[in-house]
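Thank you all for coming. Please take a moment to look at the model on the screen, and then I will go through it step by step.

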Amino acid sequence: MTGTLARKPYTPKVAVERLRQGDVGAWPVVGGLVAIAIVFSALNDRFLAPENLTNLALQMAATGTISLGIIMVLLLGEIDLSAGSVSGLCATIMTIVHVKQGWSPPAAILLALAAGAGIGLVHGVMFTKLRMPSFVVTLAGLMGWLGLLLYLLRQGGTINLPFTGFISGLSDTWLPPWLSWALVAALVLVPGGAAVFTRRLRLAAGLPVTPLWWLLTRIAGLAVLLVAGVLVMSADRGVPLLLIIFGALVVAFDLVLRHTTFGRHVYAVGGNAEAARRAGINVTRIRILAFTLASTLAAAGGILAASRLSAVNQQSGGSDILLMAIAAAVIGGTSLFGGRGRAYDALLGVLVIQSITSGMYLLSVDSSVRFMVTAAVLALAVAIDSLARRGAPR
Amino acid sequence: MLSATGISKRYGAVQALDGASLTLRAGEVTALMGDNGAGKSTLVKAISGVVVPDEGAITIDGANVRIGTPHDAQALGVSTVYQDLALCENLDVVANLFLGTERRRATVLRHIVMERATRDLLEQLDVRIRDIRVPVAMLSGGQRQSVAIARALIGEPRLVILDEPTAALGVEQTAQVLALIGRLRERGLAVLVISHNLADVRKVSDRVVVLRLGRNAGEFDTAATAQEEIVAAITGAAR
Ligand SMILES: Nc1ncnc2c1ncn2[C@@H]1O[C@H](COP(=O)(O)OP(=O)(O)OP(=O)(O)O)[C@@H](O)[C@H]1O
Ligand SMILES: [Mg+2]
């Protein structure tokens, strides 16, 4: 536990203290997830079945990846409304160069990611240099990039990806059991070992440390969760590669945000841009980078979505995907006011949203009801966010 | 240690400073007083590189220096705590202290090194904060002022300038911050405090410099001067 930004408590006692101060951490989301699981499994016994949970994992990846990008700009106190259109556009670019121009899949994917990065760079420059509000820049992006997508697709409207090709294969690849278990072992042993090691270093430096039993309890808790997840998915088709890709992105961004100067400066700019500027931080650079990362992740999400669908069409990146990605970030616990949030919020938030979607689907509820329920959850999350912001004693 | 002489600065039609002078010594707290618009902030800005004066010279240890930017000032050992503190409320004490000057290996933050240094510094300054890893927003006004002052010490400055450090604080927290200023003096730093509060100034300063309409209107040894005399200098009342 070296992350000074981590809101994870030293001990249960400190945790209770922080809860009393209004710093609720991830508990509302986790509680919400448990409640969702109880309600839907009571209404339909297929909700917690391995097949449904595996599908849920598959459905999470695309929206979750876009949501991770949204978190990068939300941390600055900005917004990216173009993420949906950008995801669709970049997936279309990839599909066209692959299917029509015969590019190899990795080259096509790289081009799509580069296009995303370029778009984000344009947004960032318009925001910082032309001083346009991010809301307006990305709203223009929402329409403009959608327009370009429709233009590129105008002959045909749909382009199919080869079913057995590499790109479609991304969403139809399942880890062999031995690899799944090796990953679980790595995901428990590496962070666990790192935590014990930094605890040693902190002791050597004379700094306060988490009690060892609490550290081990948390590592054990993580192990139980991961083992349960792998057991459930193994009862169906196995652990999907798509989930691993999304998970790896979340872990990578979590490490970057908590342990690098870039991450620290993102929080600083989101908390008080003027203070960051006076401290000698290049605020413009941080902002442009964040927008670039947001659009690149949107492109990655679009690629994953195209892989699942084995096609791109005029609806790619459209309908509710943008709103779901933003909602996921906020439901996960990222503040709309900037400066507060974690990469894991994308995972937690999208888990909530997809659980609701999947549960409603099993109950064959109309999508009108689904929208209303998701909206209510989002409103609740924003209310908690606003209260936490006001509740902080000055 | 630092001395500014004949500093003038004009903003359009307003002569904010008109040949003002100021001398600061190591291990001494100097209070800068004067009515609103007397030019205190402008004089401080000239020393900390925020504005460039039209005329005047600044010397450090007798040598002429040019202070064109805040960065120049920092490089010369001049550190300023602005009235609005400029803290990131969402970050913890460690992150705020090292903001922009993070200890790192390549780009990876060295959390333990920074936390150790923070604890040592706060201990030396006798600043009491129960948990230095909560966001600064959770701290009291006095604690935040203390964090801002501690932060000014990270670059090992020789002169610390404080703009109205107690203006927003209650009685107890004011006492805390004044005690902290006293400890800066014990560390051998030159300290310049802008204040409107005579009681605070009498408690903490060794010398009072009064500005009036951009000019020097008197310099007093705090311990040996009656309050009325300082007030008279500030208001310009005939003695
Ligand atoms: N950026 C500026 N542009 C124009 N005029 C300015 C500027 N800054 C200061 N002044 C003027 O210069 C004069 C001196 O201002 P200064 O802020 O130095 O006074 P002060 O002694 O700090 O006052 P206070 O006690 O109110 O802080 C005032 O008349 C002010 O209006
Ligand atoms: Mg002033």
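The area buried between chain A and chain B is about 3,000 Å², and carbon and sulfur atoms give 55% of that area. Please keep in mind, as I go on, that this is a predicted model. In terms of residues, 36 from chain A are in contact with 32 from chain B.

What kinds of polar pairing does this interface hold? Between chain A and chain B, the count is 11 residue pairs in polar contact, with both residues of each pair at pLDDT 80 or more. Looking at which parts of chain A touch chain B, the elements that give two or more residues are α1 (12-20), α8 (177-204), α10 (241-259), α11 (261-271) and α12 (273-278) of chain A. Of these, α11(A) gives the most to that side, with 7 residues. If we sort the side of chain A that touches chain B by class, we find 15 nonpolar, 13 polar and 8 charged residues.

As for charged pairs, the rule finds 1 salt bridge across the interface of chain A and chain B. In that salt bridge the side chain of Arg202(A) meets the side chain of Glu115(B), at 3.0 Å from N to O. Over all chains, the count by this rule comes to 19 salt bridges.

Another salt bridge joins Glu274(A) and Arg278(A), whose closest N and O atoms are 3.1 Å apart. Why are these two separated by about one helical turn? Glu274(A) and Arg278(A) are 4 residues apart in helix α12 of chain A, and therefore about one helical turn lies between them.

Let me now turn to the ligand. Which residues surround ligand 1? The surrounding residues are Tyr11(B), Val14(B), Ala16(B), Asp35(B), Asn36(B), Gly37(B), Ala38(B), Gly39(B), Lys40(B), Ser41(B), Thr42(B) and His196(B). By class, this shell has 4 nonpolar, 6 polar and 2 charged residues. Both β2 (14-24) and α1 (40-48) of chain B supply at least two residues of the shell, and α1(B) gives the most, with 3 residues.

Asn36(B) has a polar side-chain atom that lies 2.9 Å from an oxygen atom of ligand 1. Gly37(B), by contrast, has a polar backbone atom 2.8 Å from an oxygen atom of ligand 1, while for Gly39(B) a backbone N or O atom lies 2.9 Å from an oxygen atom of ligand 1. Finally, ligand 1 taken alone exposes 630 Å², and the protein buries 60% of that.

Methods: Residues numbered from 1 in each chain as written. Chains lettered and ligands numbered in written order. Predicted model: local features only at pLDDT ≥ 70, side-chain atom pairs only at ≥ 80, totals over all residues. Heavy atoms only, no water. Contact = heavy atoms within 4.5 Å. Buried area = accessible area lost by both parts, 1.4 Å probe. Salt bridge = Lys/Arg side-chain N within 4 Å of Asp/Glu carboxyl O. Polar contact = N/O pair within 3.5 Å; in protein donor to acceptor, adjacent residues only side chain to side chain. Nonpolar A, V, L, I, M, F, W, Y, C, P; charged D, E, K, R; others polar. Near = heavy atom within 4 Å. Areas by Shrake-Rupley, 256 points an atom, 1.4 Å probe, with all protein chains shown as cover.
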